[in-house]
Amino acid sequence: MSSVLEHPPRPATHPRGARRGGRLRAALARVPREAWVCALVACLNAVCWSFITPPFQVPDETDHYAYVEQLALTGEPPSSQAHGRYSADQTLTMEALHTNRVRLQPEDPAVFSPAEASELRRALAVSRTIAPRPTGAAGVAAAEPPLYYALELIPYELGSGGTVLDRLELMRLLSALMAGLTALFVFLFVREALPGARWAWIVGGGAIAVTPLLGFMSGAVTPEALLYAVSAATFYLMARAFRRGLTPRRAAAIGVVVAIGLLSKLNFVGLLPGIAIGAIVMVGRLPAPSRARLMRAGAVGLALAAALVAAAYASGAVSHSAFGTPEAAVLSLARHGSPLGRADYIWQFFLPRIPGTVDDFPGIFTTRQIWFDGFVGLYGWLDTTFPGWVYDVALLPAGILAALCLRALATGAGALRARIGELLAYLTMAAGLLILVGSASYTGFPQIGGAYAQSRYLLPLLALMAAALALAVRGAGRRWGPAVGVAVLMLFVAHDLFSQLQVIARYYG
Amino acid sequence: MLALSLVSLALGVVATLGQSPPVAARSNGVQTEVEFGSVSDGRFAACQAGEALPAGATAVRLSLDSVLGPRVTVRIRKDGRLLTSGQRQAGWTAADVTVPLTPLAHAAAGVQTCFSFLARDESVGLIGQRLGGAAAAAAPRDPGLLKVEFLRPGRGSWWSLASSVAGHLGFGHAWSGDWIVPFLLVAMAAVLALMSWLALRLAR
């Protein structure tokens, strides 16, 4: 059992003088075929979701599209001070799609009849004759960093001769590619973190590839698609550095990925404390002579990340809004409410209330109803759910998998102790994200009980979920492990398939 | 194990599509035009008279709006007698909430739909039509009518609706058309095939 948690001997290093291109090719060639298949599955699945989910029926997709359009038309990000409407062509398209009527009202389907389809075609034809004029407004997206939107300029420009819907779909397809990257890095993370069991990587990577919430979100225009991919890449690079040692090259890679994360979506900030702890643990393990060299390597990584982020901010590429600068975000979070009240709220946001504290979520078991149920099935503008019994039934496999995971951890406790620093880093990354999401939600409390009470905000932790699944399968033992692994993969396929059917029933049934 | 899983999956899909989708069997015809009220503190209870409860109704949909809605209780009464009731747990998000009901074998006209919830801090919007004049003055906390829809399983299964659902899937997208459904089927078949390949690799 312990082999799954123990590090095997390090692989041989590359021969000196290998050229950079050759090294990259060699690195790609070493990626297992199963990892590429996981990436392909995740990508295909997200493409399916991109056609199943009606345009603009994903949280805040209207705002994210507006951001890209603003960037395309002016070369500048939108302003959070601008509270106007969307551009004329987007507004016209949304009206013909009945976006606001369909949103949040499960009894209202998407475009449903040939007459409505004709009306939409007419609106799209008219919208093509309107020269798009920027309004500067992009709603909640205005405060986000620009990297994802800058990448989305490519499909936007490719579809510039088409309609809003053409551009939107092309942009969704780019997000779908990011789902592939997410699955690939999740697979590679499990391979580095649990190197002793090849089949555990397949279960972890394969299950994540068909996770319906990943497909739903990455089949849409939202910077979260990039956030998931870059978070998975961060976990992978951390695990690789823990397993093979921190070198200047690996430190620089982590620095670059951290910079990309910070320029993708501000939620990435939540992972930083854990990354810092990981770096400290890795440097602390080294013998004294190497430590100075590695400190310099750490400084290189840090400097790279800081330089990239600073350049983006200095160039004005990041909007200077209430949440547009990290310091403003921290100030905004700090000035609302008492620290104790905040801590209590964040606890209850994820876990059962501690007796004697004020109930911030009366009648709601947040762990179950917000986070578990939200992961099992909550699509569209949070208005598309399964029948209630599905969530109850889902508790059974989830409970079995949790028990098997705990069994694997208990059996491999010795190996776990040897890797306590690494574990601490991952757990701090997870806790940092949870605290960030809970803290952001607290700024709207009590008028809105849980403004960010959505499971999608936890998907940057998909790598850890994959590791937990891999451990669960390992916990089933040598005899039953492969069978449980197959069952887990097929369970996630079924989850994905029925989620798609539920969304189809809601919008087209 | 893979064969067993695939057969189970296929049977699950067949069984699910053999069920009837819920349909709105009866609506009070109120348009969801405005938010005529908002409740953010304390217990709220109201009744709407003159509704018609269809036979076999398994749920009622009320036009209440919330991000993290409270527990909602519904009681359907006639002449003061409780006909059926239901409850929706807290934590729902939408511009309407569906509350499951115990179905009745017979229809009942002139029933009273009563609903109640305990709002604390987070507001619950009342969506529908505003009442005017004396009716509004008589109910200052509830000066309007909610949209009330009773749901029950439809007569046809999802299988019988397959072609119309497929047609609807072709509307309202980029590059709309009949190609979307075959494309989705092929793509998901490929996903299933690749996942099966991964599952087979587990056994090696």
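**Ground rules**

I number residues from 1 along each chain as its sequence is written, and chains are lettered from A and ligands numbered from 1 in the order in which they are written. Since the model is predicted, I kept local features to pLDDT of at least 70 and side-chain atom pairs to pLDDT 80 or more, while totals for chains, interfaces and linings use all residues.

**Entry 1: chain B overall**

I began with the secondary structure, where helices (H or I, at least four residues) and strands (E, at least two) are DSSP runs numbered from the N terminus. Chain B has four helices and ten strands. Read from the N terminus, its elements go α-β-β-β-β-β-β-β-β-α-β-β-α-α.

Why does chain B count as more spread out than a compact globule? Its radius of gyration is 22 Å, well over the 17 Å that the globule rule gives for 204 residues. I took that radius over C-alpha atoms, and the rule is 2.2 Å times the number of residues to the power 0.38. The C-alpha trace of chain B spans about 75 × 40 × 35 Å along its principal axes.

Next I looked up the domains, whose bounds come from an automatic or database domain assignment. That assignment gives domain 1 (22–153) and domain 2 (161–204) in chain B. The C-alpha centres of these two domains of chain B are 38 Å apart.

For burial I used C-beta atoms placed from the backbone: a residue is buried if 20 or more others lie within 10 Å of its own, exposed if 12 or fewer, and partly exposed in between. Buried residues are 31% of the 204 in chain B.

**Entry 2**

I call two residues in contact if their C-beta atoms, placed from the backbone, lie within 7 Å. On that basis 49 residues of chain B are in contact with 61 residues of chain A. Which elements of chain B each supply at least two residues of the side that touches chain A? They are helix H1 (2–17), strand E8 (108–130), helix H3 (162–169) and helix H4 (180–202). H4(B) gives the largest share of that side, 14 residues.

I also sorted the side of chain B that touches chain A by class and found 31 nonpolar, ten polar and eight charged residues. Here Ala, Val, Leu, Ile, Met, Phe, Trp, Tyr, Cys and Pro count as nonpolar, Asp, Glu, Lys and Arg as charged, and the others, Gly among them, as polar.

**Entry 3: chain A and two of its helices**

Chain A comes to 22 helices and two strands. Of its 509 residues, 53% count as buried. Among contacts in chain A between residues at least 6 apart in sequence, 81% join residues at least 24 apart.

I checked helix lengths against an expected span of 1.5 Å times one less than the number of residues. Helix H8 (residues 164–193) of chain A, with 30 residues, should span 44 Å, and its end C-alpha atoms are 43 Å apart, which agrees. H8(A) is mostly covered, with 27 of its 30 residues buried.

Helix H13 (residues 272–285) of chain A has 14 residues and reaches 20 Å from its first C-alpha to its last, close to the 20 Å expected. Its buried residues include Leu272(A), Gly274(A), Ile275(A), Gly278(A), Ala279(A) and Met282(A). They cover an arc of only 160 degrees around the axis, which puts them on the same side of H13(A). The arc is that of the directions from the helix axis to the C-beta atoms.

**Entry 4: single residues**

Ile208(A) sits in helix H9 (residues 198–209) of chain A. I counted 29 other C-beta atoms within 10 Å, so Ile208(A) is buried. Leaving out residues up to four places away in sequence, Ile208(A) touches Ala183(A), Val186(A), Leu214(A), Leu462(A), Met465(A) and Ala466(A).

Then I compared two aspartates. Asp60(A) has a positive phi of about 65 degrees although it is not a glycine, and Asp79(B) has a positive phi of about 50 degrees, again without being a glycine. Asp60(A) lies in the loop between helix H2 (33–52) and helix H3 (61–74) of chain A; Asp79(B) lies in the loop between strand E5 (72–78) and strand E6 (81–88) of chain B. Are they buried or exposed? Asp60(A) is buried, with 21 other C-beta atoms within 10 Å, whereas Asp79(B) is exposed, with 9.
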